Every structure is written in structure tokens, then in C-alpha cells.
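Hi,

Here is the structure I said I would pass on.

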Amino acid sequence: MSQPTKSHGRLSISATAKPRELISDTPDLQGAWTARVITLVPQTFPGVLGASLTGKALEQGLWQLQPIDLRQFGEGRHRNVDDTPAGGGAGMVLRADVMGDAIEHAMQGTPRARDDWPLVYLSPRGKPFDQAMARRFSRTSGLTLICGRFEGLDQRVIDHYEIEEVSLGDFVLTGGEIAAQALIDATVRLLPGVLGNEASAEEESFSDGLLEHPQFTKPAIWRGHAIPEVLLSGHHARIAEWRQAQSEELTRHRRPDLWAAHEKDDPDG
Ligand SMILES: C[S@@+](CC[C@H](N)C(=O)[O-])C[C@H]1O[C@@H](n2cnc3c(N)ncnc32)[C@H](O)[C@@H]1O
């Protein structure tokens with residue numbers, strides 16, 4: 001997919017149809033990659049995304065975050081968002097009508113094409129998140145993320161909106177927020193201008209289907225352990241060769257699945 005042209009960081013604040021109380025009061029940065037996050041705990045955002053490189057990029061308007069408080073769409077005086085599972089069983093399930101309203105609200109003003117604005121539910125049953133998915137998301141205009149809580153989401157909402165389910169891994173979190181922040185972090189660092197050194201994203205683990213080689217820095221000797229001599233040789237070709245060999249060795253031992261895929265794609269190495 002080709003990279004859509006985007007102008008980042010224009011601080012023009014556009015008028016939106018959003019009721020102010022339903023969406024965070026972050027100004028709408030026209031053209032900046034946007035994550036809209038439906039959550040019962042909007043106060044957990046930006047969380048770790050507000051720090052370091054992603055935080056700096058957020059301040060610079062290279063991307064924007066719009067948490068949407070699911071509670072606001074709740075039913076009745078207590079704004080209930082959940083109910084007991086049909087058919088019985090433990091826990092509570094997020095109601096289809098409540099989440100449906102939140103999704104309709106979140107989709108206002110977003111591109112209709114899902115390729116350009118995916119609708120994602122963080123879920124342990126989803127497709128495992130990986131670097132290729134982060135790359136795909138970084139080429140969109142933005143995405144809407146749904147964070148589940150309790151026993152999760154009424155299946156009818158997932159089917160009705162053809163929501164893409166994405167998992168952070170084979171474990172169960174209490175809610176989707178940590179998964180959403182991980183997904184956003186991995187995606188935002190691939191946006192143009194976010195990483196100071198553009199080359200570093202290309203050399204990282206997974207970018208060529210292999211794990212990254214070990215890294216070293218000063219001091220040259222630490223507690224009797226020396227940096228591998230080749231890295232201090234200044235001989236670029238030998239260094240590249242050593243790093244490639246280390247990457248292959250690590251991947252073969254630690255991730256036979258990645259190694260098999262790499263061998264299939266590139267049998268001659
Ligand atoms: C306690 S979990 C629900 C687990 C669900 N009953 C199941 O067994 O699949 C509550 C919410 O946390 C989020 N969550 C939990 N584990 C996750 C994972 N591995 N990846 C992404 N989201 C996860 C989902 O949004 C989920 O709806």
C-alpha cells in the first residue's frame with residue numbers, strides 16, 4: 001500500500017460535531033495521524049505514550065490521541081455499560097447498544113474506507129499484533145481502538161461493524177488499555193518524523209524478519225567483559241557481516257518460527 005501524503009502537525013483547530021463532554025478536549029490537528037480510543041478508563045491515557053519519543057511527537061502534533069469515555073454512552077441514571085452474560089456464567093459483558101453508540105460517535109468524521117481507518121477491538125482472541133501490522137496501521141490516517149473490560153464485548157457488535165480483533169499475545173489482561181497503548185506506541189514510532197534517526201526503525205528486530213543483533217556501548221571494558229573486537233575495528237563491512245551472523249544465530253535459536261519464515265522467503269540468505 002502506498003503511503004498516503006499527510007501534512008503533520010498543523011495546529012489549526014477545526015470545529016467538530018463532537019459534544020465536548022464526550023471526547024477529550026484535545027484540539028483536532030488536521031492531517032495528523034489519530035488514535036481514537038473507546039475506553040471505560042480514559043484517565044489512563046496518554047499514560048506511557050505521553051513520555052519520551054511518543055510524548056514529544058504528541059506535543060509536536062505529529063500524531064494525536066482522542067480518548068472517548070464509554071461511560072458517557074451508558075444507560076440510565078447510573079450510566080450502565082454492562083450486563084450479565086446471556087446463557088449465564090461469571091462476570092459481565094459490555095452491552096451492544098452502549099458500545100454501538102460509542103462506535104457511531106467515534107466514527108464521525110473519519111474516512112469510510114477501513115483500509116484508511118481501521119476499527120480494532122483489542123482482544124485475546126484476535127490476530128496477534130506484530131511489526132507488519134504496526135507498519136500497516138502507520139500508513140493509515142488513523143484508527144479507532146475499542147478497549148474491552150470484564151468478560152469482553154457482545155459478539156453482535158463485533159459482527160455488525162466487522163471489527164478487526166487484535167491480540168497483544170497469549171495472555172489475558174484486565175482490560176484493553178495496555179494493549180491499545182502498546183499498539184499505538186509501535187505504530188506511532190513508524191510515523192514520519194517521530195524517530196530522530198529514520199534508519200534505526202529499519203535496522204530493528206523484525207524489520208527484515210530477524211531478531212536484532214546484540215548492542216554494546218561504552219565503557220570498552222566493563223567488569224572484565226570486553227566489547228567484541230570487530231565492533232571497535234572501524235571496518236564497516238566486517239561489522240555488518242558480524243551483525244548479520246549474530247541476528248541469524250539469535251533468530252535460529254530463539255524463534256524457530258521466524259527463522260523458518262525467513263528461510264522460506266530468502267533461502268539463499
Ligand atoms: C478480562 S479480558 C476478557 C477476556 C475474555 N473473557 C476471553 O477469555 O477472551 C477484558 C478485556 O481485556 C482486553 N484484553 C485482555 N487480554 C488481551 C490481549 N491478550 N490482547 C488484547 N486485549 C486483551 C480485551 O479488550 C478484553 O475484552
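Below is what turned up, starting with the overall fold and ending with a single residue.

Keep in mind that this is a predicted model. The chain is built with eight helices and nine strands. Of its 269 residues, 28% count as buried. If you take contacts between residues at least 6 apart in sequence, 74% of them join residues at least 24 apart.

Now the sheet. Five strands make an open sheet, and going across you meet them in the order β2-β1-β6-β5-β7, with parallel pairing. At the edges sit β2 (63–69) and β7 (164–167), each of which pairs on one side only. From one strand to the next, the twist averages 35°. In general, strands of a sheet pair through backbone hydrogen bonds, either parallel or antiparallel. Here, β5 and β6 (residues 142–147) run parallel and are joined by four bridges; in one of them, Val120 has Leu145 in β6 as its partner. Helix α2 (residues 96–107) packs on this sheet, where it touches β1 (33–39), β2 and β6, and its direction makes about 165° with that of β1.

What surrounds the ligand? There are 19 residues around it, and the closest are Leu122, Gly148, Gly152, Gly176 and Ala179. Strand β5 (residues 119–128) gives the largest share of this shell, four residues. By type, the shell has eight nonpolar, eight polar and three charged residues.

Last, find Glu203 in helix α6 (residues 198–203). Glu203 and His213 are 10 residues apart in sequence and 9.5 Å apart in space, C-alpha to C-alpha.

Cheers

Notes
Residues numbered from 1 in each chain as written. Predicted model: local features only at pLDDT ≥ 70, side-chain atom pairs only at ≥ 80, totals over all residues. Helix = DSSP H or I, 4+ residues; strand = E, 2+ residues; numbered from the N terminus. Near = placed C-beta within 6 Å. Nonpolar A, V, L, I, M, F, W, Y, C, P; charged D, E, K, R; others polar. Buried ≥ 20, exposed ≤ 12 C-beta atoms within 10 Å, placed from the backbone. Contact = placed C-beta atoms within 7 Å. Pairing = 2+ DSSP bridges. Axes fitted to C-alpha atoms, helices over the stretch in contact; angles between N-to-C directions.
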